[in-house]
Amino acid sequence: MLSVGQAIGRMIAAAGFAALLHAVAVLLPAWALADKLSSAPVTHGLALYGEPALPKDFAHFPYANPEAPKGGRLWLGQRGGFASLNPFNARFGDAPQLIIGNVLQSLMMRSQDEPYSLYPLIAQSVEIDDAREHVTFHLDPRARFSDKTPILASDVLFSFELLKSKGRPNHRVIFASVTSAVALNDHTVRFDLTGVKDREAPLILAAMPVLSKRATNVERFDELDMTIPLGSGPYVISESKAGSRLVLRRDPDYWARDIPSQRGLYNFDEIDLDYYRDGAALFEALKAGLLDYREETSAARWSTGYDFPAVRNGAIVKEILRPGRPTGMEGFVFNLRKAIFRDVRLREAIAMMYDFEWINANFYGGLYTRTESYFGESDYSSVGRPASAAERGFLANFPGVVRDDILEGRWRPVQHDGSGRDRTVAKRAQTLLADAGYVLVGGRLEKNGVPVIFEIMIRDRDEERLALNFAASLKRIGIEANPRLYDEVQYQRRRQRFEYDMMTGQWLAYAVPGQEQLNRWSTESLNRKNSFNLAGAASPALDAALDNLLASRTSEDSISAARALDRILLSGFYFVPLQHVNAIWCAHRATIRHPAHTPLFPMFPFGFTLENWWSEKADVR
């Protein structure tokens, strides 16, 4: 490699003195940046706090089986449909998430056994300073796209700029704050994060998908596009039919098949993903032998619905998998963009009427636990924990935003007596509503002459049954709630445009709360189409809590900040919390297997990763 001086000399000799100015402008910044970063240690991985758990010479992830046979076909199903093969633009809800990781891969690979750590993939090593203001990725010179063209620094910079302008909301926010991005050579890229004040930012850059500069259509990137993308992953798309079918074929020449972060993963020769109308249709497909794997979300069906021939003869196996992930939040979400829900006292009274005790006993066989926190079953939950001095210091800036019982950790969702008609709870709700100025007129609750009537948007019969029970409870205090069933396409379109009064919302919990929270609670996400701010939540307190969370420097700071955010959210009564089970109920064909070690924090597209599964009938090769 030429030195900076040699390169400038050659340019002057070839083009004259005018080239000197260009040489200084182009080459010296990269030389100066490389020199400035020379004191930063080179490491094999990144962790949000501390060091990655696995050493530099690790052989494979703990949840991978390096001896797993390659071969066979995996049949999967998902409800809904898709209209694009690009999962990274602002309309990513229209694309199959199965493409991520399998076809399109990132600079580094996240370990699903650690809260937030990444290991080598396209980037074989990384340099980062203590302040996390500068991060440099060294690309593996072996890295290739599936057409055998090399992955270069120019592809990384191209992906960065494209996602910054047309990518997902979290990409846009973080990438727009990066001071500069520069290629030091064909295999080295450096990002300047000075002033970003977000410890997660280097990891988001490390998880950035790398797209081919040559093969990506920039003009159509933010459109619904069925063009098959050129990726660098273990699979290529061999067949796609918008809305109904996607087929992935394993690339026998996958460049990274033997590197530690990929060893023992991606074992099926083919993955066939078919789309179905709803959960009931998916269940029937499993019974008919059309699926190899299905996750069950209905406790009633899990308890009584699996008595069919394939289960009885052992062809289909029921299994409970127990990862260590937080539970997240699922519930009936109020759309505060609608004037009817602006009063927090009305929202609290409505939430009080959800009779979990009766529903759990009669619908779910007592299998569920009531959801209490946005970060349930984790250290980040505030429930049952009095606020720390750090939390109180932060929340003092927003007097009255957090209720005393929530600040002190005493609050819990209201408990019913299990009769299905708890009069004590109904009276408490009516008293709260009367204090807020609501009155009963002819058995109908109203305020200032406006009755409390709203629609609950639902998408399957399980949700309908739950919503009808909830509506019946609300009718007892004069509130008219009308469940309405939409098909999957209508449901998703209305969700993306916030065209609902109330809906069943679900937010999966991340191992460590971070950037994803911006897309759920920030003022900036309030009216951005397709954001996950389902509740229409926005306030100075929420924005400040999000900033506080992202600026956390230690694990202890992160926990304190997340609990403060949890208290603000709970005090806002944005959801009617439903229930959860911290386990994955799955049914799968007996011929597909998985290692004994279950990942602690499995990722999408399904609730549990199948990257480490294999077929026992596969060819060994």
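Visitor: What kind of model is it, and what's the average pLDDT of the chain?
Guide: The model is predicted. The chain averages a pLDDT of 89, and 91% of the residues score at least 70.

Visitor: And where is the pLDDT below 50?
Guide: Over residues 1–38. That stretch still has 31 contacts in the model beyond near neighbours in sequence. Where pLDDT is low, though, the predicted coordinates should not be read in detail.

Visitor: What's the radius of gyration like next to a compact globule?
Guide: The chain comes out at 26 Å. For 621 residues a compact globule would be near 25 Å, so the two agree. Along its principal axes, the C-alpha trace spans about 95 × 65 × 40 Å.

Visitor: How much of the chain is buried?
Guide: 56% of the 621 residues count as buried. The accessible surface is about 25900 Å², with 52% of that belonging to carbon and sulfur atoms.

Visitor: Which residues have the most contacts inside the largest nonpolar core?
Guide: F137 and I350, in a core of 178 residues. Helix 19, residues 555–572, gives the most to this core, with 8 residues. In soluble globular proteins, nonpolar side chains tend to be buried together.

Visitor: Switching topic: where does S212 lie, and is it buried or exposed?
Guide: S212 is in the loop between helix 6 (201–206) and strand 10 (235–241). S212 counts as buried because its relative accessibility is 2%, and the cut-off for buried is under 20%.

Visitor: What does S212 touch?
Guide: Not counting residues up to four places away in sequence, S212 touches F145, D155, F158 and L230.

Visitor: Now L367. Where is that one?
Guide: L367 is also a loop residue, between helix 11 (356–363) and strand 16 (369–370). With a relative accessible area of 37%, L367 is partly exposed.

Visitor: Which residues is L367 in contact with?
Guide: Leaving aside neighbours within four places in sequence, the contacts of L367 are A299, S303, N360, V581 and W585.

Visitor: What share of the chain's contacts join residues at least 24 apart?
Guide: 74%, counted among contacts between residues at least 6 apart in sequence.

Definitions and conventions. Residues are numbered from 1 along each chain as its sequence is written. This is a predicted model: local features need pLDDT of at least 70, side-chain atom pairs count only at pLDDT 80 or more; totals for chains, interfaces and linings use all residues. Side-chain values use heavy atoms; hydrogens and water are left out. Helices (H or I, at least four residues) and strands (E, at least two) are DSSP runs, numbered from the N terminus. Buried means under 20% relative accessible area, exposed over 50%, partly exposed in between (1.4 Å probe, protein chains only). Contact means heavy atoms within 4.5 Å. A nonpolar core is a set of buried Ala, Val, Leu, Ile, Met, Phe, Trp, Tyr and Cys residues joined through side-chain atoms within 4.5 Å. pLDDT is the predictor's confidence in each residue, from 0 to 100. The radius of gyration is taken over C-alpha atoms; the globule rule is 2.2 Å times the number of residues to the power 0.38. Accessible areas come from the Shrake-Rupley method with a 1.4 Å probe; for residues, only the protein chains shown count as cover.
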